[in-house]
Every structure is written in structure tokens, then in C-alpha cells.
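Please keep the viewer open as you read.

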Amino acid sequence: MSDPSAYVRERSASGRRDLTYPPLPEPLPVPAYDNHCHLEIVDGDDPLSLSEQLARAASAGIAGVVQASGDVESSRWAVWAAEHHPQVLAAVAIHPNEAPTYEAAGGLDEAIAAIDELAAHPRVRAIGETGLDFFRTDAEGQPAQYRSFEAHIALAKKHGIAMQIHDRDAHDEVLRLLESVGAPEKTVFHCFSGDAEMARIAADRGYYLSFAGNITFKNAQNLRDALAVTPVERILVETDAPFLTPVPHRGRPNAPYLVPITLRFMAAELGASVDELAAQVAANTLEVYGTFA
């Protein structure tokens, strides 16, 4: 695609009843960041442009976002967005569920080479999202996931940037592979989905745990248990927008301006002040990705 800004995806409305964006929450008194979102995906009855997304985020006390990617086209869009908006930093990668598709077409090596080239851009601060997904990819496609994941780990090390991990139903294997090949210095478990035991292991190894809106879901006690044992200097927050909208707006379109709902919930779980947690999460985000402006 010659014009990266023209790239767009649409989220399916199937099975969803309310496609309106939730109201603006009470702004955070201390600015924080959304460390993982997909703003190239349009959603809802009245989709928001990138500029509108960033303006709403700023009005809610969200100072910046890390735009994550899943294929070559979305990675190019992320770089374009980061070039044109100082509130955006880019993460580039081939998603683990896309790796088998590229491999089947004989294009995985070429795609990884494209990610390597994009990762050299100064506004790219992470390789992501990459990892393993045994929920959507069966055994036949898993070798491509492993090969892609190892290649992305190498890219994060080569470029000296962070790595955002997608880990679904593959906890033990992700931890094993990181240990065997050596994790990048700054490794983030995007939308952490493990339990307290896994959180302890990850934190002990120096990894960061990023919590999304699903920590507010009734059936997510494992995430609340994980949060409780994670050192505050290893905690990040994200939306994974437009997915995983926090309660009480679950099922509606998600966006970075809704981070305050998740962060306030996390502060209550930890018995911490919202100001203190927001400041700590902001400091953690800047430690991982560097400055935005």
C-alpha cells in the first residue's frame, strides 16, 4: 500500500447490542498512558478518527498511546500515525495468528524483514504484538508461530527496543521460550492473562505486566490475583481498544479515553490512591518506551 494512512480495518458487529461509544469518564488528575491499542480498527455506529481518539484521550488525562500492530500493513500504519501525532508511539510486528498465514503463502521471511526495516524508525519503540496463541492456531500452524516469535525476539534485541507479547493459552511455552533464548531487556505481557503464580515468575524475571479492561470482568479473578502480587514498578495499563471495554461498558467500543475506568478499578483493588498509581504507571510506561514528544 503506497499510502499507509489509507489502511483501515473494521471490527465485526456480530453479536454486539450496543455499538455506541461510552461517555467520557472523570479525567485522571495525574496523566497516564495507554500502552497497547489498535486505533486503525474502526468500531461502533459512529467511528472515531485518529485525531478524535487522541483528543478524547487527552481530555480524560491520557497523555499518549502505543499503537500496536499485527501485520505488515498495520505496522506501516502505526509508523505513519507515530510520525504525524506526537501522542503516538508505534509497535510493529507480525501477530502470532498471522504468522501461519504468511508462512503458508511463502512470505513469512519477507514480512519479518519488513518489520525489521520499520523497527529502525525512531518513533518505533517496541516489537509487538508477537508471541504464541494456541487458542486460535492449531498444532499445524504452531511451528510458524514459534519461528516468528523467536525472530521478533531477535529484532527487539537488535534494535534495543521493548517487546509486547501476545500470550493466549500458551503461558508455559511463552515463559519457556523467553528463558531459553533470552528475553529482551524490556519485555511486556500485553493484556496479561495468567494467574498469580505466573505473575510472580514474570515479575521476578523483570518482565512488565499490562492489565486491560478485562480485569474488571466478574469472571477474571485470576487477573485481580495477579495484579495483587505484581510489584507496582512492573505494572502497565492498556485498553487493547477497540476490544475489552471495562465494566460497566463491556461490549461497547473501547478507546484510550476509557483507561481511567480500568486504572481506578486497579487502584481500588490495590488499596492505592488513583494519583499514586497513575503516576507510577506513567513512569513505568516512559521507562519501557521512552518519551513521546
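The buried residues of α1 pack against β4 (62–67), α2 (72–84) and β5 (88–92), where contact means heavy atoms within 4.5 Å. Those buried residues are L50, Q53, L54 and A57, in a helix that spans residues 50–59. Seen down the axis of α1, they fall within an arc of 90 degrees, so they line one face of the helix; the arc is that of the directions from the helix axis to the C-beta atoms. After α1 comes G61, with a positive phi near 90 degrees. Helices (H or I, at least four residues) and strands (E, at least two) are DSSP runs, numbered from the N terminus.

This is a predicted model, in which local features need pLDDT of at least 70 and side-chain atom pairs count only at pLDDT 80 or more, while totals for chains, interfaces and linings use all residues. Residues are numbered from 1 along each chain as its sequence is written, and side-chain values use heavy atoms, with hydrogens and water left out.

Next, have a look at R252, in the loop between β10 (235–237) and α9 (259–270). A polar atom of the R252 side chain lies 3.2 Å from the backbone oxygen of Y21. Leaving aside neighbours within four places in sequence, the contacts of R252 include R11, R16, D18 and P242.

How many disulfides does the structure hold? There are 0, a disulfide being a pair of cysteine sulfur atoms within 2.5 Å. The sulfur of C37 has its closest cysteine sulfur in C191, 13 Å away, which is too far for a bond.

| Residue | Relative accessible area |
|---|---|
| C37 | 0% |
| C191 | 13% |
| R252 | 17% |

Note on methods. Buried means under 20% relative accessible area, exposed over 50%, partly exposed in between (1.4 Å probe, protein chains only). A polar contact is a pair of N or O atoms within 3.5 Å; within protein, one must be able to donate a hydrogen and the other to accept it, and residues adjacent in sequence count only if both atoms are side-chain atoms.
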